[in-house]
Amino acid sequence: MDYERAVGEVWAATRPHIGAGKVADYIPDLICVDPVQFGFAVATVDGELHQVGDAEVPFSIQSISKAFALAHVLGHDDASIWRRVNREPSGTRFNSLIQLEIERGVPRNPFINAGALLVTDQLLADTGDACGALCAFLAAETGNPDLTYDPAMAESETRTGNRNRSLAYLMADFGNVLNPVDEMLDHYFRQCSIMASCVELARAGLVLARHGVRRDGTRLLSKQDARRINAIMLTCGTYDAAGEFAYRVGLPCKSGVGGGILAIVPDRCAIAAWGPGLDEKGNSVTAAMALETFGNVTGLSIF
Ligand code: GLN
């Protein structure tokens, strides 16, 4: 596979659109991000790395952290999460409250905010430090010991996080939260504020391309659970645009409102794309465009 040529074609196709979309404005520190940036990186299971543009610029990974959090919880042999969270696409916005009341505090899936809050809740119960566990994992997989969350971004999310607070307290009312609600929220806001570049995310994402095996050869989670996470990324990883992403990209993807999208080609590679401008569903316009081009050029798809 000529990844270098594919990355060049991604750059050519995406470059004229850099800056497209609208930067998320509901988290004050995200509005300050320069929209005219774009990065793309591919890390292969054979150790190749291909990158273009602002691929080494760290950005707020936001909901991409949810994929790694789920991997950790399942890696702790904690299938009990599936008694508290379902696995169906929601068809509603990532932070919607509507289904949660009707479905008695059990979120549709682990990647909408409600479900992700409970995954963080479980990781906090399992480890005592959910955000710390994720930062340590990402530091090890990327080889960047300084990889951590941005406290100012976390503070910014805390200040404006009333919708997440509403989701959390509603679930607590239904008896579906293990930890003190504010502690769970604190870890969730911090994990969303983790800063990583496309190169780092692609390297860390390899754990899913390798079916659960970490960089050092140890196993984070079982092969079967890694496969299941890829399935949930395909069906729920881009929220109410998951059908469109399956159609256009054909790969398991997890997006974040920081403008990043992580995509996995099982057994082959992990791809991270980033452009801060979002579409109306909260997914990056240029990152989606780049992944679609990459798929078209390489023919890589799970279908
Ligand atoms: N921190 C964001 C929130 O909770 C994450 C959402 C996202 O990236 N889609 O609203």
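In this predicted model, V257 counts as buried because 23 C-beta neighbours lie inside 10 Å, and a residue is called buried here if 20 or more other C-beta atoms lie within that distance of its own. When residues up to four places away in sequence are left aside, V257 touches A24, L30, Q62, S63, L278 and G282. Q62, S63, V257 and G282 also belong to the group of residues that surrounds the ligand, together with F94, N95, N113, E157, N164, C192 and G256. Sorted by class, this shell consists of three nonpolar, seven polar and one charged residues.

The UniProt record, an unreviewed entry, lists S63, N113, E157, N164, Y188, Y239 and V257 under "binding site". Of these listed positions, Y188 is found in helix α9, which covers residues 181–192. Y188 counts as buried because it has 31 C-beta neighbours inside 10 Å. Beyond residues up to four places away in sequence, the contacts of Y188 are with A116, L117, T120 and N164.

The protein chain as a whole contains 13 helices and nine strands, and its C-alpha trace spans about 55 × 40 × 35 Å along the principal axes. For 303 residues, a compact globule would have a radius of gyration near 19 Å, and the protein chain, with 17 Å, agrees with this expectation. Buried residues make up 56% of the 303 residues. Among contacts between residues at least 6 apart in sequence, 69% join residues that are at least 24 apart.

Strand β8, which comprises residues 269–274, is largely enclosed by the rest of the structure, because six of its six residues are buried. Both faces of β8 are covered, with C269, I271 and A273 buried on one side and A270, A272 and W274 buried on the other. Strand β2 (residues 39–44) is joined to β8 by six bridges, and these two strands run antiparallel. Within this pairing, A41 has A272 of β8 as its bridge partner. Six bridges also join β7 to β8, again in an antiparallel arrangement, and here A263 stands opposite I271 in β8.

The strands β7 and β8 form a hairpin with three residues between them. D267 lies in the loop between these two strands and has a positive phi of about 75° although it is not a glycine. Most residues other than glycine have a negative phi. In contrast to the buried residues of β8, D267 is exposed, because 9 other C-beta atoms lie within 10 Å of its own, and a residue with 12 or fewer such atoms is counted as exposed.

Strand β2 also pairs with β3 (residues 49–53), to which it is joined by five bridges in an antiparallel arrangement; in this pairing V42 stands opposite H50 in β3. The strands β2 and β3 form a hairpin with four residues between them, and G47 in the turn has a positive phi of about 95°. Four of the five residues of β3 are buried, so this strand is largely enclosed by the rest of the structure.

Among the helices, α3 (residues 65–75) is mostly covered, with 11 of its 11 residues buried. The buried residues of α3 include K66 and H72, as well as F68, L70, V73 and L74. Just after α3, D77 takes a positive phi of about 65°.

A positive phi is also found in R104, a residue other than glycine, where the value is near 55°. R104 is located in the loop between α4 (98–102) and α5 (113–127). With 12 other C-beta atoms within 10 Å, R104 is exposed, because the limit for an exposed residue is 12 or fewer.

Conventions
Residues are numbered from 1 along each chain as its sequence is written. This is a predicted model: local features need pLDDT of at least 70, side-chain atom pairs count only at pLDDT 80 or more; totals for chains, interfaces and linings use all residues. A residue is near a molecule or strand if its C-beta atom, placed from the backbone, lies within 6 Å of it. Ala, Val, Leu, Ile, Met, Phe, Trp, Tyr, Cys and Pro count as nonpolar, Asp, Glu, Lys and Arg as charged, and the others, Gly among them, as polar. UniProt positions are given in the numbering used here, feature names are shortened, and annotations may be inferred rather than shown by experiment. Two residues are in contact if their C-beta atoms, placed from the backbone, lie within 7 Å. Two strands pair if DSSP finds at least two bridges between them. The radius of gyration is taken over C-alpha atoms; the globule rule is 2.2 Å times the number of residues to the power 0.38.
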